[in-house]
Amino acid sequence: MKPATRRFIAFWVIVPALLGAVFASAMDPRALPFTGHEQLSAVFLLDGQAYFGHLEDVPWSGTITLRDVYYFEDASKVTTDLPLALVKRGSELHQPVDVMRIRRDKVLVVERVSLDSPVGRAIASQRALDRVAK
Amino acid sequence: MNDAVVRIPRRTLFVAVGALVAVLLTLALVVTGVVARAADANTVASASVLKTQQSAAERDIERAYEQAVAQVRKVRALNLAITAAQADAITLKALNDLKALRHSGLVSLGQVLGLATADVEANATATEQRFDQAPLSAEPAASPVLLAPRLYAIAGRMSELATQLSDQATTDLTAPAATPAPTAAPSPSRTPTPSASPTARP
């Protein structure tokens with residue numbers, strides 16, 4: 001094999017293959033854009049509060065951004081099945097708009113929310129009811 | 001002295017600049033979140049999930065009603081300082097108010113679920129009859145459901161108002177005999193209605 005051919009194979013085949021393997025091992029295929037899967041995230045803060053929504057996480061930013069935000073509220077005095085209720089952020093006295101920025105150093109855990117989970121279903125139901133209301 | 005000269009064909013230069021612009025544009029779109037927002041799908045619940053949510057919300061409303069009714073009946077069964085006629089009148093009014101409250105809650109639920117105006121009332125009445133025939137306390141526990149915020153607003157308000165009504169009846173029933181008791185005649189009092197409007201939270 002000629003040296004030029006070896007260099008061509010190394011540069012255009014082996015290196016891209018290795019880079020692809022490295023990136024693929026660290027990537028969830030469902031997290032790729034335009035795959036049709038909703039990416040719902042749970043952000044747990046150091047103070048114990050949890051927020052759910054669409055996460056935008058840019059590594060070099062000091063904050064992470066959540067959109068379409070929901071959170072848990074104590075419902076132990078309400079006659080619901082569970083002692084927790086899901087509340088959509090926006091109905092507070094200051095009526096925050098859809099975007100919530102959270103300081104990165106206050107975040108304990110970020111997790112992907114399964115769409116079949118109670119939280120995922122409750123959010124999907126809320127969207128369906130929002131459509132009915134429009 | 002020989003100067004080193006790198007010759008780049010014009011075509012290659014155009015391609016390289018084009019590729020660089022494309023990469024920068026992509027980076028800008030990714031960093032600003034435009035791609036994420038455009039690509040992220042929003043899942044909407046299927047009819048079966050909505051049906052489950054509706055059933056859970058109906059159960060929650062009924063549970064609030066049954067608990068309040070049980071409290072009123074339990075207090076009525078005690079030896080009270082007021083006369084039996086007064087106690088019966090207070091109990092009857094409280095139970096009627098609770099029934100009206102449950103009906104309002106079920107009507108609000110139907111409205112939020114987008115039922116036709118004609119169907120809302122019929123659905124509420126049918127649900128009431130179903131629960132009257134088979135109370136929740138007699139049924140096996142269903143798997144717990146986390147309600148959508150709009151439905152929780154109704155269930156939460158229903159629970160709050162039912163508690164208020166039963167507490168008021170308890171206070172009236174357990175009042176000392178010397179205090180003027182409420183009138184025995186059932187008055188067309190306005191029953192509070194649970195609404196789907198969000199409540200302000202801190």
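The views below show a predicted model.

**View 1. Ala89(B) in helix H4 of chain B.** Ala89(B) sits in helix H4, which covers residues 84–112 of chain B. Because Ala89(B) has 19 C-beta neighbours inside 10 Å, it counts as partly exposed. Ala16(B) is 73 residues away from Ala89(B) along the chain, and the C-alpha atoms of the two are 89 Å apart.

**View 2. The two domains of chain A.** Domain 1 of chain A spans 1–32, and domain 2 spans 38–133. A distance of 38 Å separates the C-alpha centres of domain 1 and domain 2 of chain A.

**View 3. The contact between chain A and chain B.** Chain A contributes 37 residues to this contact and chain B contributes 38 residues. On the side of chain A that touches chain B, two or more residues come from each of strand E2 (50–56), strand E4 (84–88) and helix H2 (118–133). H2(A) gives the largest share of that side, twelve residues. By class, the residues of the side of chain A that touches chain B are 19 nonpolar, ten polar and eight charged.

**View 4. The crossing of H2(A) and H3(B).** Helix H3 of chain B covers residues 47–76, and its axis comes within 10 Å of the axis of H2(A), with a crossing angle of roughly 100 degrees. H2(A) is therefore roughly perpendicular to H3(B). From H2(A), the residues that make the contact are Arg121(A), Ala124(A), Ser125(A) and Ala128(A), and from H3(B) they are Val49(B), Leu50(B) and Gln53(B). Four nonpolar, two polar and one charged residues make up the contact of H2(A) with H3(B).

**View 5. The largest nonpolar core.** This core has 57 residues, and Leu147(B), Ala155(B) and Ala162(B) have the most contacts inside it. Elements of chain A that give two or more residues to the core are E2, strand E3 (63–74), E4 and H2. From chain B, the corresponding elements are H3, H4 and helix H6 (149–173). In soluble globular proteins, nonpolar side chains tend to be buried together.

**View 6. The surroundings of Leu147(B).** Neighbours within four places in sequence are left aside here. In chain A, Leu147(B) is in contact with Thr80(A), Ala85(A) and Ala122(A). In chain B, the contacts of Leu147(B) are Gln53(B), Ala56(B), Ala57(B), Tyr152(B) and Ala155(B). Ala155(B) is also among the residues with the most contacts inside the largest nonpolar core.

How values were computed: Residues are numbered from 1 along each chain as its sequence is written. Chains are lettered from A and ligands numbered from 1 in the order in which they are written. This is a predicted model: local features need pLDDT of at least 70, side-chain atom pairs count only at pLDDT 80 or more; totals for chains, interfaces and linings use all residues. Helices (H or I, at least four residues) and strands (E, at least two) are DSSP runs, numbered from the N terminus. A residue is buried if 20 or more other C-beta atoms lie within 10 Å of its own, exposed if 12 or fewer, and partly exposed in between; C-beta atoms are placed from the backbone. Domain bounds come from an automatic or database domain assignment. Two residues are in contact if their C-beta atoms, placed from the backbone, lie within 7 Å. Ala, Val, Leu, Ile, Met, Phe, Trp, Tyr, Cys and Pro count as nonpolar, Asp, Glu, Lys and Arg as charged, and the others, Gly among them, as polar. Axes are lines fitted to C-alpha atoms, for helices over the stretch in contact, and angles run from 0 to 180 degrees between N-to-C directions. Angles under 35 degrees count as roughly parallel, over 145 as roughly antiparallel, 65 to 115 as roughly perpendicular and the rest as oblique. A nonpolar core is a set of buried Ala, Val, Leu, Ile, Met, Phe, Trp, Tyr and Cys residues joined through C-beta atoms within 7 Å.
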